[in-house]
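Q: Could you take me through the charged side chains here, the salt bridges in particular? I'd like a close look at who pairs with whom and how open those residues are.

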Amino acid sequence: MLYWIRMPSLRERQKTKRRERILRAAVSLFQSQGFQATTLEQIAVSAEISTGTIYNYFRNKAELLIAIVDANAKAAYEIGLKVVENPPADPVEAVELLTFKMCEGLLDPLTKEMWREAVAIVISQPHTQFATSYMDNYNMVEELQRKLLQALMDQGLFRPDVDVMLIGDMLSESMSMRQLFFFRDDDADLDDLIESIRQRTRALIGLIAVGNEVIRTDA
């Protein structure tokens, strides 16, 4: 039996490329002059299209931000999935690597201001498409933590009485909280964020590792 795979039409490919061009222009301007200072008209000029064309894809800047955050989260997920599929042998290193890769992926190319805008929308408009998409992406990150911890549990690296699902939730919540502190502090850099997460990750994993050896956070 033959199965035919429908290829995108020329019109569909053109629409996809135009959408990607709009997003690239938006990211570049958001980075260089800020989310609030950027207008749809400026994005249109940078993307070499009319402002009206933008409205065929996005109703406002918030929807542009939705698309950027969504694409960013999916890319970060793919990076994290590679760690889960081939983790380091040491459980602490494995969890740290996943956490660090996810942080790096989620923060590139978004600026702190873009993340502040995103978080503000989620909190102030919890029933919007943006909030739903944001939480779906958060759940994807959380699921990666759980998959990695379960794999390490199956290898006998954690105490058998440990609820790895709960630990995964705690790691994700800790990472999210540290990110919030990072977003609000204009002086903090990525190394500061990584170090604060590293300390908490090592302490938590040390509590559940076989032998119940608490790992020093300053090691």
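A: One cut-off first: buried means under 20% relative accessible area, exposed means over 50%, and partly exposed is what lies in between. Arg146, at 23% relative accessibility, therefore counts as partly exposed. Keep in mind that this is a predicted model.

Arg146 makes a salt bridge with Asp169, with 2.7 Å between the closest N and O atoms. That pair ties together distant parts of the chain, since Arg146 sits in helix α7 (residues 129-154) and Asp169 in helix α8, 23 residues apart.

Another one joins Lys74 to Asp70, at 2.8 Å from N to O. Here both residues belong to helix α4 (residues 61-85), and they are 4 residues apart, or about one turn of the helix. Lys74 comes out as partly exposed because its relative accessibility is 40%.

Then there's Asp161 with Arg159, a salt bridge of 3.2 Å, N to O. Asp161 is at 58% relative accessibility and so counts as exposed, while Arg159, at 26%, is partly exposed. Back to Arg146 for a moment: salt bridges with shared partners put Glu142, Glu143, Arg146 and Asp169 into one network.

Finally, some charges cluster on the surface: Asp185, Asp187, Asp189, Asp191 and Asp192 form a patch of negative charge there. Asp185 is found in the loop between α8 (164-184) and α9 (190-208), and its 33% relative accessibility makes it partly exposed.

Terms used: Residues numbered from 1 in each chain as written. Predicted model: local features only at pLDDT ≥ 70, side-chain atom pairs only at ≥ 80, totals over all residues. Heavy atoms only, no water. Patch = residues over 30% accessible without salt bridge, like charges linked within 9 Å, V, L, I, M, F, W, Y side chains within 5 Å. Areas by Shrake-Rupley, 256 points an atom, 1.4 Å probe, with all protein chains shown as cover. Salt bridge = Lys/Arg side-chain N within 4 Å of Asp/Glu carboxyl O. Lys, Arg positive; Asp, Glu negative; His and termini not counted. Charge placed at Lys NZ, Arg CZ, Asp CG, Glu CD. Helix = DSSP H or I, 4+ residues; strand = E, 2+ residues; numbered from the N terminus. Buried < 20%, exposed > 50% of the residue type's maximum accessible area, 1.4 Å probe, protein only.
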